[in-house]
Amino acid sequence: VDGGPIVIQKVVKVDPDDTAESLKAKVQALEGPAFVEAIQKKCKTSVSYADAGVSIDAGNDLVEMIKPACKSTRRAGCDADLGGFGGLFDLAAAGYDASDTIIIGATDGVGTKLRVAHATRKHESVGIDLVAMCVNDLIVAGGEPLFFLDYFATGKLDVDEAAAVVRGIAEGCRQAGCGLIGGETAEMPSMYAPGDYDLAGFSVGAVGRTKVLPSGVAPGDVLLGLPSSGVHSNGFSLVRKLVEKANLDYGSACPWDESAGTIGDSLLTPTKIYVKCCLPLLRKEVLTGLSHITGGGLLENLPRSLPPGVKAEVTGHPPLPSVFAWMKRISGLDDREMLRTFNCGVGMVLIVKRGSVEEAKRLLREAGEEVIYDLGELVDRQGDEEQVEMKAGLS
């Protein structure tokens with residue numbers, strides 16, 4: 001301040017209709033408080049946690065702000081209260097016999113899709129993504145998601161921004177039927193650039209000891225596919241590169257979907273959560289396996305649910321949704337590279353005994369799934385041939 005040894009930096013919000021005069025007035029209103037703050041810092045002899053860049057008060061404000069969102073995820077087995085050192089879950093209250101139950105754990109993040117959220121300053125949808133990436137993996141093992149915890153790390157805590165993320169996480173938990181029983185907010189100055197944050201999620205589920213999947217997967221089983229809601233949360237390092245290559249940005253009109261508004265709006269479409277549509281099939285025991293189509297696409301993920309001597313023949317892959325058709329055109333990738341990078345419109349694959357296909361489709365429709373793809377079937381694998389054979393090209 002005025003050439004002295006103390007530097008005070010303040011931030012003002014710039015609105016679209018601001019003029020030079022209105023901005024000057026905003027800045028001038030902060031000059032007096034900044035000068036007083038500089039004097040206080042000059043006279044101060046102690047160094048607090050806040051002086052080091054960590055605000056305990058902001059952390060406490062965030063906890064109070066997100067309590068209602070967390071409370072909204074209550075379910076049998078947990079009350080989703082915050083404030084303790086650890087979240088509690090009662091297996092018996094959730095209907096599980098501990099002596100006959102396997103616990104499943106899954107952890108994941110949202111990857112560089114967060115860069116799109118940072119750039120557009122739209123944060124709630126990535127909370128849903130975070131939950132989806134974890135709970136969709138849990139159900140592949142045949143289990144029901146029970147509870148969720150999150151980790152939010154940033155250089156400087158923006159309470160409103162963090163609260164928006166947690167509201168999205170709570171929405172994802174409601175969609176998945178699991179309780180948000182705790183988390184960690186880490187404010188770490190110098191670890192992250194201004195405005196940046198990172199997310200990690202952790203989910204725990206349960207499955208009966210004799211109901212773990214995959215189980216009994218064999219030649220003759222049928223492959224059904226459920227649509228993705230878009231790119232989901234994988235491949236965004238390439239997606240962002242393609243937007244740049246096309247000389248566009250996240251505020252540009254969406255070239256693959258006029259109804260989507262901007263590119264940012266379309267790319268931030270949350271990852272679909274498949275829990276509530278798959279649980280009825282798990283309870284009726286009509287599935288022999290599931291595969292969540294994430295990073296690595298269909299070609300890399302489906303083999304994770306297949307025995308070594310079995311391969312998938314895909315004869316009915318659906319047409320590429322418009323976002324993937326645009327990326328295929330801009331990138332110049334062939335079908336194989338597209339299928340091992342993106343979900344290409346199929347977010348979950350169900351493996352079903354041939355005699356149970358109609359029942360599986362009925363249960364899916366009753367759960368609200370209007371589109372079900374007949375992808376193909378499993379056959380005997382010869383030698384070391386690849387476990388997914390595409391007999392239908394991407395169109």
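Predicted model: local features only at pLDDT ≥ 70, side-chain atom pairs only at ≥ 80, totals over all residues.
Helices are taken here as DSSP runs of H or I spanning at least four residues and are numbered from the N terminus.

The packing of helix 8 on helix 12 was examined next. Two packed helices are described by the angle between their axes and the distance between the axes. For helix 8 and helix 12, the axes come within 8 Å and cross at roughly 140°. The two helices are therefore oblique to each other, since angles count as roughly antiparallel only when over 145 degrees. The crossing in which helix 8 passes helix 12 is right-handed. On the side of helix 8, the contact is made by Cys277, Pro280, Leu281 and Lys284, and these residues face Glu359, Ala360, Leu363 and Leu364 of helix 12. By residue class, the contact of helix 8 with helix 12 divides into 6 nonpolar and 2 charged residues, with no polar ones.

Helix 12 (residues 357-366) also holds both arginine 362 and glutamate 359, which lie 3 residues apart, about one turn of the helix. Arginine 362 forms a salt bridge with glutamate 359, and the closest N and O atoms of the pair are 4.0 Å apart. Arginine 362 counts as partly exposed because its relative accessibility is 38%, and glutamate 359 likewise counts as partly exposed, at 30% relative accessibility.

Over the whole structure, the search finds 25 salt bridges. Side chains of opposite charge can pair when their charged atoms come close. One of the salt bridges brings together the side chains of glutamate 144 and arginine 75, with an N to O distance of 3.0 Å. Glutamate 144 belongs to strand 2 (residues 144-154), whereas arginine 75 sits in the loop between helix 2 (56-71) and strand 1 (101-108), so the pair ties together parts that are 69 residues apart in sequence. Both glutamate 144 and arginine 75 are buried.

A further salt bridge, at 3.5 Å from N to O, is the one in which the side chains of arginine 340 and glutamate 300 meet. This pair links distant parts of the chain, 40 residues apart, with arginine 340 in the loop between helix 11 (335-339) and strand 8 (346-352) and glutamate 300 in helix 9 (residues 297-301). Arginine 340 is partly exposed, with a relative accessible area of 33%, and glutamate 300 is also partly exposed, with a relative accessible area of 37%.

Glutamate 285 is placed in the loop between helix 8 (275-284) and strand 6 (287-292). This residue has a relative accessible area of 54% and is therefore exposed, the cut-off for that class being over 50%. Between glutamate 285 and serine 237, the separation is 48 residues in sequence and 38 Å in space, taken from C-alpha to C-alpha.

Technical notes. Residues numbered from 1 in each chain as written. Heavy atoms only, no water. Buried < 20%, exposed > 50% of the residue type's maximum accessible area, 1.4 Å probe, protein only. Axes fitted to C-alpha atoms, helices over the stretch in contact; angles between N-to-C directions. Parallel < 35°, antiparallel > 145°, perpendicular 65-115°, else oblique. Left-handed = near helix turned anticlockwise from the far one by under 90°. Contact = heavy atoms within 4.5 Å. Nonpolar A, V, L, I, M, F, W, Y, C, P; charged D, E, K, R; others polar.
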